[in-house]
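Open the model in your viewer and display it as a cartoon. The stops below go from the whole chain to single residues.

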Amino acid sequence: MSGTEEEMEPFACPRCRATISERFWGPCRSCRAQLVDAYAATTDGDGGPSTSGRFEPSMHVVPNHVATKD
């Protein structure tokens, strides 16, 4: 084994449980493609998450007492 080659041991994909041999532990190629497609469907086109408007806190959220102290 040379310095650039690494042994790839088979492991189970954490998402679909298929036995795969990859360089790093994680989802298999098909699961990664599904995750990329699912993420692309939830973005607004510029790569960021879609936004529906400005965040407005609920009424039960109160400011920090120290921050409001005069």
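**Whole chain.** Bear in mind that this is a predicted model. Select everything: the chain has two helices and two strands, and tracing along the sequence gives the pattern β-β-α-α. Switch to a surface view. Of the 70 residues, 13% count as buried. Among contacts in the chain with a separation of 6 or more, 0% come from residues 24 or more positions apart.

**Arg17.** Select the strands β1 (11-12) and β2 (19-20), then the loop between them, where Arg17 is found. What is the phi of Arg17? The value is near 65°, which is positive, and the residue is not glycine. Most residues other than glycine have a negative phi. Is Arg17 buried or exposed? Arg17 counts as exposed because its relative accessibility, 59%, is over the 50% cut-off.

**Arg32.** Move on to helix α1, residues 29-41, and select Arg32 within that helix. Its relative accessible area is 34%, which lies between the 20% and 50% limits, so Arg32 is partly exposed. Which residues does Arg32 contact, leaving aside its neighbours within four places in sequence? Show Glu22 and Pro27: Arg32 is in contact with both.

Technical notes: Residues are numbered from 1 along each chain as its sequence is written. This is a predicted model: local features need pLDDT of at least 70, side-chain atom pairs count only at pLDDT 80 or more; totals for chains, interfaces and linings use all residues. Side-chain values use heavy atoms; hydrogens and water are left out. Helices (H or I, at least four residues) and strands (E, at least two) are DSSP runs, numbered from the N terminus. Buried means under 20% relative accessible area, exposed over 50%, partly exposed in between (1.4 Å probe, protein chains only). Contact means heavy atoms within 4.5 Å.
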